[in-house]
Amino acid sequence: MKIVVCIKQVPDTKGGVKFNPDGTLDRGAMLTIMNPDDKAGLEAALRLKDQYGAEVTVVTMGLPKAEEVLREAMAMGADKGVLVTDRVLGGADTWATSTTLAGAIRNLEYDLIITGRQAIDGDTAQVGPQISEHLDIPVISYAQDIKIEGDSVVVERQYEDRYHVVKAKMPCLITALSELNEPRYMTPGGIFDAYKQEITVWGRADLKDVDDANLGLKGSPTKIAKASDKVRKGAGEKVTLDPDESVSYIVDKLKVKHVI
Amino acid sequence: MNLEEYKGVYVFAQQVDNEISSIAFELLGKAKDLAKDLSTDVTAVLIGSGVKDLADQLAEYGADKVIVVDDPELKDYRTEPYAHALSSVINQYKPEIMLVGATAIGRDLGPRVSARVATGLTADCTVLEIGDFPLQAVPGQEQLHNQLLMTRPAFGGNTIATIACPYNRPQMATVRAGVMQKIAPIKGAKAVVEEFNPGFTPDNKYVEILDIVKSVAETVDIMDAKILVSGGRGVGSPENFKILEDLAEVLGGTVSCSRAVVDSGWKPKDLQVGQTGKTVRPNVYFAIGISGAIQHVAGMEESDIIVAINKDADAPIFDVADYGVVGDLNKIVPKLTEALKAEIAASK
């Protein structure tokens, strides 16, 4: 079985969020990580590899620096890494990103494609389903469990108040939730091997069956009209009192606000 | 693509088990505003099996017209037949705006449909308005009017972007649940109902549903609660949520929680507030033993009044709290419950 996993290098918004004094985001002070949902997708692929035997190829699109997440994935156990990077691909929205990744994946053999549900920087959850549409294969989003049955996958697909057990013939694309599993750590041997391996680097010319009109900033149907770091509402009061005084304080405030 | 051909504001009227989801009514409320600004009308697209009878409800909440795609293949949500239905409606009727709820269904259907009809899609919008693109005229670039301007948070709620889709139609957005306002239903309102069936031929993309497992129904949806008593990891144990439940009961509120609590298996996911949970806007939000990670704050910062109780004086929750109390929740919360009980009894 051949599995392609799409991963993204993102700024770490968990815990490591840093603000400037004016309340805006200090991006320079933030570290980058492998997007958590993608890491869960990779872990799911590696478990399928452990269980059924599979070749796992990780693909990322980004700046040359994004090679770091491919190395990390390979140190966890992925077999091959593909970096799609080219100036003309920059500034892409989800349409142009999914067009690009589909163009790269067309060069690869796959039974299963796994993406994370969403990235913690954009939070759109759109790229996975859009790739599946470009490749004309079924998609199962929000996977909380993945099993293989012959030439099909059986997936628990999460909704707000239920889940569906869904069966699809491969090839198929699945988007993974970070709740899916606890990703494994890199092993020292894995890290060592990962840095010895070649990473395939593809540019615009290597993408299959894509039109320039659908790539990069120019090929993105959505355009940013305005972007700003959110200035949060300021902190209110903060008091440190003994428990009885704390209770009186809260009760008084709720009275003033006519809650009680 | 002749953009002029595309007219009208359309809403995907999500239904589950032949019951219209609240998000559909919220979208109709917003669509009515947008349609007014554009001097056009509002169309709901109702997709399912045996759903035609639901059209009147959509009319009561503001739909001028309802397009019904009714087919046995559409009984339970599956990406392909629903994507085929909605994209066929778009190709046939050519809406200028297509709104979809940012639900577990809409966030799957939206991207698949937008890719099929080759247009842009803006995810998880919290503000929609009609305006110009670019916002300010730029020499050498035509300023387009009557564009849908879609505002959304990104970066875990740390940045806000306003996005347009000036050269493709329809302008598509998924919209976060609980943000747009429904109108007060107009009893007896009727819409023009039109049935449309593009034909459904199962292929490899029609996945098979083997089983549907519903989680135990919660009595109150935390998104509808006026008072939320929300607990985090600091509560310490699932048993200790009892003190939060007692407080909630006195105030007629509901208990919710942070992601850490769900991840620890203390509470089910439908009680989770935050980026990967629900966005809530109660009148009062008690954050008890919640540190206030940015992902949590993104889901509750629009609450009218935020009361935080946390023993860590540096917890980021105090940056958004109106009233912050540094202290031991185990000592404060039970006393608070008793005090409120006495106050409420005295005021009766």
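1. Conventions. The model is predicted, and local features are reported at pLDDT of at least 70, side-chain atom pairs count only at pLDDT 80 or more, and totals for chains, interfaces and linings use all residues. Residues are numbered from 1 along each chain as its sequence is written, and chains are lettered from A and ligands numbered from 1 in the order in which they are written.

2. The sheet. An open sheet of 10 strands, with mixed pairing, runs in the order β11(A)-β5(A)-β4(A)-β1(A)-β6(A)-β10(A)-β7(A)-β8(A)-β9(A)-β13(B); strands (E, at least two residues) and helices (H or I, at least four) are DSSP runs numbered from the N terminus, and two strands pair if DSSP finds at least two bridges between them. At the edges stand β11 (200-202) of chain A and β13 (208-214) of chain B, each with a single partner strand, so one side of each has no neighbour in the sheet. From one strand to the next the twist averages 30°, where axes are lines fitted to C-alpha atoms, for helices over the stretch in contact, and angles run from 0 to 180 degrees between N-to-C directions. Within the sheet, β1 (residues 2-6) and β4 (residues 55-61) of chain A are parallel and share five bridges, with Ile3(A) having Val56(A) in β4(A) as its bridge partner.

3. Helix α2 of chain A. This helix (residues 67-76) lies across β4 and β5 (80-84) of chain A and runs at about 170° to β5(A). Because seven of the 10 residues of α2(A) are buried, the helix is largely enclosed by the rest of the structure; a residue is buried if 20 or more other C-beta atoms, placed from the backbone, lie within 10 Å of its own, exposed if 12 or fewer, and partly exposed in between. Among the buried residues are Leu70(A), Glu72(A) and Met74(A), and the cover over the buried residues includes β2 (9-11), α1 (36-52) and α5 of chain A. Gly77(A), with a positive phi near 135°, follows the helix.

4. Contact between the chains. In chain A, 66 residues are in contact with 74 residues of chain B, contact being C-beta atoms, placed from the backbone, within 7 Å. The side of chain A that touches chain B has 29 nonpolar, 16 polar and 21 charged residues; Ala, Val, Leu, Ile, Met, Phe, Trp, Tyr, Cys and Pro count as nonpolar, Asp, Glu, Lys and Arg as charged, and the others, Gly among them, as polar. Strand β12(A) and strand β10 (residues 159-164) of chain B run antiparallel and are joined by six bridges, and Ala227(A) stands opposite Ala161(B).

5. Cores. The largest nonpolar core has 132 residues, and those with the most contacts inside it include Val5(A), Ile174(A) and Val11(B); such a core is a set of buried Ala, Val, Leu, Ile, Met, Phe, Trp, Tyr and Cys residues joined through C-beta atoms within 7 Å. Helix α1 (residues 22-38) of chain B gives the most to this core, with eight residues. A second, separate core of 51 residues includes Ile250(A) and Val307(B).

6. Domains of chain B. Chain B is divided into domain 1 (3-195) and domain 2 (222-347), with bounds from an automatic or database domain assignment. Their C-alpha centres lie 33 Å apart, and eight residues of domain 1 are in contact with nine of domain 2.

7. A loop residue. Glu182(A) is in the loop between β10 (172-176) and α5 (188-196) of chain A, and is exposed, with 10 other C-beta atoms within 10 Å.

Note on methods
Two residues are in contact if their C-beta atoms, placed from the backbone, lie within 7 Å.
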